[in-house]
Amino acid sequence: MSSAMRWLGPLRSSVPEIDDNGWQDLHRLSGTLGDLCVTASNSAQDPAAWSRWLLGVRRKLADRGHRAPAGRAGLVWQTLAQFTAGFHDLDLRDATGPGHGAMILTEGSAQASARWGARLAAGELVGIAATERHGGSRVREITTRATVHRDGTWRLTGEKCWVSRVMESAGFVVFFRDPDSRISAAVVNADQPRLERKVIEPCGLGGWTWGVLHLHEVPIDPATDLLGRPGDGLGVFRRHFARFRPLVTATALGTAAGVHTLVTEALTAKTRIGLLPQVRDNALVVLGRTHAEITAALLAALTTSRLAADAHPHADFAARVGKAAGVDTALRAVADLAPLIGAAGFQRAHPVAKARNDLTGLLYADGIHDSLYRSGGVTLLTEPAAHVAPARPGVTAAHRYDTAA
Ligand SMILES: Cc1cc2nc3c(=O)[nH]c(=O)nc-3n(C[C@H](O)[C@H](O)[C@H](O)COP(=O)(O)OP(=O)(O)OC[C@H]3O[C@@H](n4cnc5c(N)ncnc54)[C@H](O)[C@@H]3O)c2cc1C
């Protein structure tokens, strides 16, 4: 049994929607990821080679049919798959699944959904371009704008910043003001010549490129490229992140579990060869506590994914506060575990140092934490009724989550 599955095995009764085939597929994914990671070491220190390797892994896994099962189980399976990917490296967060491309599959026109469904299933990647210079926590103040061209199509102009996967993405979901000044969302091809991309160097989460997207009158056809209803961009954003944030959370927790396993194995080996006479109590306490905290946060993420799959009114709230709390849990666990491995773990290329830097990036990406907790507090005061509605097993949201890689 591979190590990620050692964490997941005892949780099997908590995911009754995953049948034997789904469970076997997870084992297969975990094994394949483990095998592929053995070949990664040569590219890990060169950012361009690392990014190519990551995209190659995504394509290979898509090619070999590593994808979520159809229907309600899909999102829960993907949550476990994200944990498995994160266990090896947080940079593998896009190893499988539609990622931000899920917005096209669930909210796009039939044409866009079919076209991008095929591209995502072949391992292509879609980025999200929402944040602008005034601040990503104020998404309602978006200034990127669409104007109507004489042939009836629209032209998008503006600047998006801090965009992940900026060079690797085949397309972007862009949020902008439509000609009626309402916030809308549309998919834009990355090879569009009026789209300019600039790379910025991050201090963590460096696997995928990160940077700025300039849109200079980029043409879109509102009949085929818009996601959701015109003017419902914030709805598209909210519905997507209710599904996406538990996936991010599970990936972060997988990374913390990977560090936990590494530290546990290092201590075991040191004791076996007599380098440590015995493991001290402080280390044992950290191992026990962080294991319980990671597991509890993963169970919460699985519940949130289930709520999101059912389009439950609690899902959006649970995804916001759950992402902040789950990533905080992962980062705290790694910070507490890191000293147990000693100075070796402080080397830049060491997986523990990398995990710590990468997890720091997730304090901002996909929702900055103070804003997420704060908006959770606002929801609790203003929408208390949404939180007493029981989850209704068997009520399935009409979505097409399961149609891509
Ligand atoms: C690694 C990484 C990857 C990212 N990937 C993407 C991506 O793919 N696509 C994308 O669109 N964006 C992306 N982002 C942007 C990310 O979503 C934003 O960083 C985040 O939403 C907020 O950061 P900001 O700098 O825009 O902060 P701001 O919105 O300016 O917030 C900064 C701080 O100020 C606080 N603040 C806001 N208003 C007030 C106020 N009135 N008074 C006091 N404090 C206030 C906020 O709560 C926060 O603590 C990424 C960011 C990072 C770091």
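The model is predicted, so local features need pLDDT of at least 70, side-chain atom pairs count only at pLDDT 80 or more, and totals for chains, interfaces and linings use all residues. Numbering runs from 1 along each chain as its sequence is written, and side-chain values use heavy atoms, with hydrogens and water left out.

## The whole chain

The chain has 12 helices and eight strands. These are DSSP runs, numbered from the N terminus: helices are H or I with at least four residues, strands are E with at least two. The radius of gyration is 21 Å, close to the 22 Å that the globule rule gives for 405 residues, so the chain is as compact as a globular protein of that length. That radius is taken over C-alpha atoms, and the rule is 2.2 Å times the number of residues to the power 0.38. Along its principal axes, the C-alpha trace spans about 80 × 50 × 40 Å.

Contact means heavy atoms within 4.5 Å. Take the contacts between residues at least 6 apart in sequence: 76% of them join residues at least 24 apart.

## Surface and charge

Of the 405 residues, 53% are buried. Buried means under 20% relative accessible area, exposed over 50%, and partly exposed in between (1.4 Å probe, protein chains only). The chain exposes about 17600 Å². Carbon and sulfur atoms supply 56% of that area. Areas come from the Shrake-Rupley method with a 1.4 Å probe; for residues, only the protein chains shown count as cover.

The chain has 45 positive and 38 negative charges, and their mean positions are 1 Å apart. Lys and Arg count as positive, Asp and Glu as negative; His and the chain ends are not counted. Each charge is placed at NZ of Lys, CZ of Arg, CG of Asp or CD of Glu.

| Residue | Loop between | Relative accessible area |
|---|---|---|
| E17 | α1 (3–8) and α2 (20–38) | 17% |
| R165 | β3 (154–164) and β4 (171–177) | 5% |
| D366 | α11 (351–361) and α12 (369–382) | 17% |

E17 counts as buried because its relative accessibility is 17%. Beyond its neighbours within four places in sequence, E17 touches R72, A73, V76 and R306.

Most residues other than glycine have a negative phi. R165 has a positive phi, near 60 degrees. D366 also has a positive value, near 65 degrees.
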